[in-house]
Protein chains: 2
Amino acid sequence: MTTRWLTPEEQRAWRAYIAASLLLEDAIDRQLQQEAGMPHLYYTILANLSDAPDRRLRMTDLAERTKITRSRLTYAVTRLEKDGSVRREGCRSDKRGSTAVLTEEGMAVLERTAPGHVETVRASLFDRLTPEQVTQLEEICTGITRGLEGDDPQTTPDDVPWRRRSSSPCA
Amino acid sequence: MTTRWLTPEEQRAWRAYIAASLLLEDAIDRQLQQEAGMPHLYYTILANLSDAPDRRLRMTDLAERTKITRSRLTYAVTRLEKDGSVRREGCRSDKRGSTAVLTEEGMAVLERTAPGHVETVRASLFDRLTPEQVTQLEEICTGITRGLEGDDPQTTPDDVPWRRRSSSPCA
């Protein structure tokens with residue numbers, strides 16, 4: 001098969017994307033590490049739990065929402081549990097199959113950290129974009145996500161991160 | 001100071017961006033790990049060296065091009081050196097101050113790996129975008145990068161990744 005090399009426009013867009021995504025993640029991670037002692041992923045886990053009914057989610061659902069593998073989630077939640085921000089319930093024989101619950105302490109961490117985090121997201125990203133570009137960014141990213149997750153939820157590919165290592169008895 | 005919370009449009013765009021960037025990095029990393037046994041960052045380092053005159057760059061310049069800290073780059077280049085893909089020259093007393101050179105073996109790895117990598121980038125990203133969206137993505141990402149690097153190269157902030165830990169005697 002002949003390789004479909006990138007066009008000059010695509011190459012420019014790809015390099016710009018790699019640079020922006022690395023710098024953005026660096027800025028956000030650094031602010032959260034400095035102010036809350038946690039990386040961006042951990043903040044995202046707490047934020048997802050705070051949005052869920054009763055502030056609780058099954059680990060498999062939490063992995064899908066955060067778009068990571070269950071083993072990576074298990075590692076992160078174990079640390080958040082030690083910090084007292086998250087409590088785990090049910091299915092003790094398999095940590096991936098259990099439910100993660102945001103504690104009062106975790107909610108307090110989130111409330112204390114959110115203003116600084118949002119300021120960083122705004123200063124790093126949204127202050128640089130026009131309202132049209134905000135819409136464009138959402139459309140572009142939604143298209144990418146649909147492509148990688150499969151357009152039809154019934155046919156989500158097995159190789160999305162949260163479906164890997166699906167040997168859990170309670171998942 | 002009152003927190004400037006995100007608008008609903010910004011929130012949707014931000015969530016879409018986080019999901020897309022995690023899934024995209026996962027897809028690209030996985031393909032490169034499977035076919036070349038290296039993560040995306042290592043591929044990017046080799047690709048940057050192959051684009052440079054004489055396929056060589058000072059470590060400080062390579063860190064700036066790849067948008068990472070010099071300590072992270074040093075770690076990666078040490079592994080690439082062990083694999084035989086990169087050779088390091090000069091300033092042996094401080095690895096960060098030295099020059100990285102792409103070897104013939106590294107060039108061969110890149111040539112062997114590029115077609116599969118480009119196919120993945122195309123299938124994951126560009127096949128989902130219209131030509132207008134490719135232009136939009138480049139403009140959005142260039143704006144973000146300028147914001148985080150400073151618009152004026154003379155006033156690049158000290159907190160960009162490649163300027164941190166600037167105690168190198170040869171940098």
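## The cavity

A cavity is a set of points, on a 1 Å grid over the protein atoms alone, where a 1.4 Å probe fits but cannot get out; lining residues have an atom within 4 Å of a point. Grid points are joined across faces, edges and corners, and a volume is the space filled by probe spheres set on the points.

This is a predicted model, in which local features need pLDDT of at least 70, side-chain atom pairs count only at pLDDT 80 or more, and totals for chains, interfaces and linings use all residues. Residues are numbered from 1 along each chain as its sequence is written, and chains are lettered from A in the order in which they are written.

Searching the whole structure turns up one cavity of 30 Å³ or more. The largest cavity has a volume of about 80 Å³. Its lining has 14 residues, and nearest the centre lie Tyr17(A), Leu137(A), Cys141(A), Tyr17(B) and Leu137(B). Two or more lining residues come from each of α6 (131-149) of chain A and α1 (8-36) and α6 (131-149) of chain B; helices (H or I, at least four residues) and strands (E, at least two) are DSSP runs, numbered from the N terminus.

## The sheet in chain A

Three strands of chain A make an open, antiparallel sheet ordered β1-β3-β2; strands pair if DSSP finds at least two bridges between them. β1 (56-58) and β2 (86-89) of chain A are at the edges with a single partner strand each, so one side of each has no neighbour in the sheet.

β2(A) is joined to β3 (residues 99-102) of chain A by four bridges, and Arg87(A) has Val101(A) as its bridge partner in β3(A).

Conventions
Heavy atoms only, no water. 1 Å grid on protein atoms, 1.4 Å probe; cavity = no way out; pocket = protein on both sides within 12 Å on 5 of 7 lines; lining within 4 Å.
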